[in-house]
Amino acid sequence: VQNDEDFRPNFHFTPKKNWMNDPNGMFYFNGYFHLYFQHYPDDNVWGPMHWGHAISTDMVTWKEQPIAIYPDEKGYIFSGSAVVDKNNTSGFGKDGKTPVIAMFTYHDPEGEKNDEIDYQSQAIAYSLDEGQTWTKYKANPVIENPGIKDFRDPKITWDGIHQQWVMVLATYEKTLFYTSENLKNWTRQSDFGEGIGAHGGVWECPDFFPMYVGDTEEVKWVLIQSLNPGGYNGGSGTQYFIGDFDGKTFTPVEKMKNLGEDHSYWLDFGKDNYAGVTWANIPEENGRTLFMGWMSNWQYAQEVPTETWRSAMTIARELKLEKIDDNYIISSTPVNELKSYRSKNYKDRNVEIDGNTKIIDSAKIDLTSAEIRFKISSLQDTKYQFKLSNSFGDELLFGYDHSTQEFFIDRSKAGQIDFSEDFANKVSTAPRISNSEDLSGIIILDKTSIELFYDEGKTVMTEIFFPNQPWETLSINSEEGSFTMSEIEAYQLKFN
Ligand code: FRU
């Protein structure tokens, strides 16, 4: 039976020791991708928050760095973002050194204990050594609490269209929009969220940025808005909105104006992708929108069966904005950088599947570090079910039911589940967004996670699991009997 280090992912980022939640302050500069994260270095559950730090040249392999920002007398360091201030609009730059500015929420635990309302405020810190060390601004907070209890998670973006810094932060039921010239003085411009979208819990960790629509010159703005609880399959989850921004106010596109609780604009429908945001300062010529989320769920994050470390991040993903008829959707796929870790592979075409048929086993590809791509042509009205299994008898079931047009993941037999009632009490589902007659998928497997990107990333599901032994076999079957799997490609991913 496995535990702790056996459960530590092979390639998803985890803290060396103790607790981690949201990704924070992600920016790219001089060849490095930076990832900060909500971190409690002294215990394996949530506590006084610090910003941990890790760096990578490719968003796949990470090197943990010393803790970047420590809590102080003003409070814990909650989630936030960082930007590279190339033109020194903040004036923090010195001796030609480019300042990096982080903005975070101060959470005053005393105020919270005393039932005050105004215990969260926004503050900044700057770094003159590319994010290694940080100096908190003397005049913090830069945004005082205006009398709103949940008031947090500032995410800054350079708005090149209106030549300003734009920042979004979340309150209980709304996203607030601010703008600034210098990253120190902020003007509240507008609110968004009343009566629109899912509101089963507190809105947290927003992100807001422009994107090109497909290969066109059309630009739309994307608002990512996590909430907890109220996610599509329960607990914490991440919805999004597409619209226009005039420099002050965000207006959703026609199709999204009347979104209710049960809409299908979710970055990920699985239970384990929360508080994800995008990297700042990705070079323009590169033009990618790069995203990473926390691969857990507040329903059980503090109870999962690991002791010395807790929680991993998702694989980094590239987001695309696509227009389908009069609708806009975000698709996500694993970043291309992952491909350079492919080693051994196995490929086949037109495989006849009759009953439960093994397609890969651990003699061919080690299923604890694998990328599997498949295609099924001419879907029939049946349930296509994949099964990961081991000789202990654990099973993880996932796949697609074309008769209901829903994807699913069932981890109720996937090993250790008893640590929380909410972990495997329901089969997670996701609506199919594409209406193609063919189904394609990318499956990213680590020791304790599966990330499913269907239809070029139009429907995504991410979930974690804790099997008693590593998976040994991947098989597939369909309720209606035989069918042909038109393509299967499996790659061993190798990290040293
Ligand atoms: C989201 C969140 C944020 C907050 C942080 C505290 O998971 O609740 O809203 O800033 O975690 O760790």
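Two strands pair if DSSP finds at least two bridges between them. Helices (H or I, at least four residues) and strands (E, at least two) are DSSP runs, numbered from the N terminus. The structure is a predicted model: local features need pLDDT of at least 70 and side-chain atom pairs count only at pLDDT 80 or more, while totals for chains, interfaces and linings use all residues. Residues are numbered from 1 along each chain as its sequence is written.

**Exercise 1.** Determine which residues stand opposite Val166 of E10.

*Solution.* Begin with E9 and E10, which pair in the antiparallel sense over 7 bridges. Here Thr157 stands opposite Val166. Next, consider strand E11 (residues 175-180), which runs antiparallel to E10 and is joined to it by 6 bridges. In E11, Thr179 stands opposite Val166.

**Exercise 2.** Explain why strand E10 is largely enclosed by the rest of the structure.

*Solution.* A residue is buried if 20 or more other C-beta atoms, placed from the backbone, lie within 10 Å of its own. In E10 (residues 164-171), 7 of the 8 residues are buried, so the strand is largely enclosed.

**Exercise 3.** State which strands each supply at least two residues of the shell around the ligand.

*Solution.* These are E1 (18-29), E5 (76-84), E9 (151-159) and E13 (202-212). The residues surrounding the ligand include Arg152, Asp153, Glu204 and Cys205.

Terms used: A residue is near a molecule or strand if its C-beta atom, placed from the backbone, lies within 6 Å of it. A residue is buried if 20 or more other C-beta atoms lie within 10 Å of its own, exposed if 12 or fewer, and partly exposed in between; C-beta atoms are placed from the backbone.
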